[in-house]
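I opened my notebook to look up how the parts of this chain are held together. Here is the structure I worked from.

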Amino acid sequence: MQQDESVELQPLRGSSESVDDSVTLPNPEEQSNPEAETQELIWFHSTFEDCMEMFADMDTVAEYLGQHSGWFCRCALPMKTEPLGNNAYDLLIGRFGALGYRVEARIGLELVPPDAEGIYRIRTVPIPNYTAPGYEVDFQSTMKLVELATADFCTERGIKLTECPTQITGAQWCLNLAVGVQIPQFIRAKSEGLIQKTGDALLKNIVKQVSRRLSAKTQQDFHSSLGIPFPKHRC
């Protein structure tokens, strides 16, 4: 029988509009599934690149980013976050599903201070006393601050010259994400191509939604907390 590949991906409590603020961090003991532990992981992958513009010099932006304990948790809302030491966070992204199967995405992320070359990194770290129920996450992100040409940027984004900032710093970053999931047997009965295509597409959708939302909130928080005007783009 030919498999139906017209699958609609439904993010559940994970989109920018439907995250439930009442969600609490799950108890791994309540979500354990002995049968799932014997299943081999199926891995899905996604990459994403973007640039977050800040209307200030690089030193000011670097100082702000280094004080992430003051902005990360509030910019991550409505996702749930809890600090893990000095540079890491326990982050509950939400529930996502496709093909009749749902996964609760919760990961530990470490915001590594910039190295000698000015490269920032975010990577997965273990969450104490927690084992992810049926999945593994490998989150590897790099970011570098660069000075952007003010006139060219304002012209490209349709910002009036009278509102054009004197300096613009771009936080250029790249994410490589891999998620391994213990897919239930009733899903494995479907074609491997359908499972891989659906999982990759769902992961790409999650990354796009979460990344753009977090970037937008961080931009807003940076400019408002420092009292820096943030002109609206016309495009």
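**Entry 1: cysteines**

I started with Cys-73, which is partly exposed at a relative accessible area of 21%. I used these cut-offs: buried is under 20% relative accessible area, exposed is over 50%, and partly exposed is in between, with a 1.4 Å probe and protein chains only. This is a predicted model, so I noted its limits: local features need pLDDT of at least 70, side-chain atom pairs count only at pLDDT 80 or more, and totals for chains, interfaces and linings use all residues. Residues are numbered from 1 along each chain as its sequence is written, and side-chain values use heavy atoms, with hydrogens and water left out.

A disulfide needs two cysteine sulfur atoms within 2.5 Å. Cys-75 is buried, with a relative accessible area of 3%.

How many disulfides did I find by this rule? The count is one. Cys-154 and Cys-164 form a disulfide, with 2.3 Å from S to S. Cys-154 is buried, at 1% relative accessible area.

**Entry 2: helix α3**

Next I followed Cys-154 into its helix. Which residues of α3 are buried? They are Thr-150, Phe-153 and Cys-154. They cover an arc of only 95° around the axis, so they lie on the same side of α3. That arc is taken from the directions from the helix axis to the C-beta atoms.

What covers the buried residues of α3? The cover includes β2, β7 (135–148) and β8. After α3 comes Gly-158, with a positive phi near 70°.

**Entry 3: salt bridges**

I then searched for charged pairs. In general, side chains of opposite charge can pair when their charged atoms come close. My rule for a salt bridge was a side-chain nitrogen of Lys or Arg within 4 Å of a carboxyl oxygen of Asp or Glu. The structure holds five salt bridges.

Glu-53 and Arg-157 meet through their side chains at 3.0 Å, N to O. Glu-53 lies in strand β2 (residues 42–54) and Arg-157 in helix α3 (residues 150–157), so the pair ties together parts that are 104 residues apart in sequence. Glu-53 is buried at 6% relative accessible area. Arg-157 is partly exposed at 22%.

Asp-221 and Arg-74 form a salt bridge at 2.6 Å, N to O. Asp-221 is in helix α5 (residues 192–226) and Arg-74 is in helix α2 (residues 72–76), 147 residues apart. Asp-221 counts as buried, at 12% relative accessibility. Arg-74 counts as partly exposed, at 44%.

Arg-123 and Glu-110 form a salt bridge at 2.9 Å, N to O. Arg-123 is in strand β6 (residues 119–125) and Glu-110 is in strand β5 (residues 101–112), 13 residues apart. Arg-123 is partly exposed, at 37% relative accessible area.

**Entry 4: helix α5**

A polar atom of its side chain lies 2.7 Å from the backbone oxygen of Gln-219. I also listed contacts, meaning heavy atoms within 4.5 Å. Leaving aside neighbours within four places in sequence, His-223 is in contact with Glu-53, Met-54, Phe-55, Ile-228, Pro-229 and Phe-230. Glu-53 was already in my notes, as the salt-bridge partner of Arg-157.

Glu-192 is also in α5. Glu-192 counts as exposed, at 72% relative accessibility. How far apart are Glu-192 and Ile-42, and what separates them in sequence? They are 9.7 Å apart in space, C-alpha to C-alpha, and 150 residues apart in sequence.

Methods: Helices (H or I, at least four residues) and strands (E, at least two) are DSSP runs, numbered from the N terminus. A polar contact is a pair of N or O atoms within 3.5 Å; within protein, one must be able to donate a hydrogen and the other to accept it, and residues adjacent in sequence count only if both atoms are side-chain atoms.
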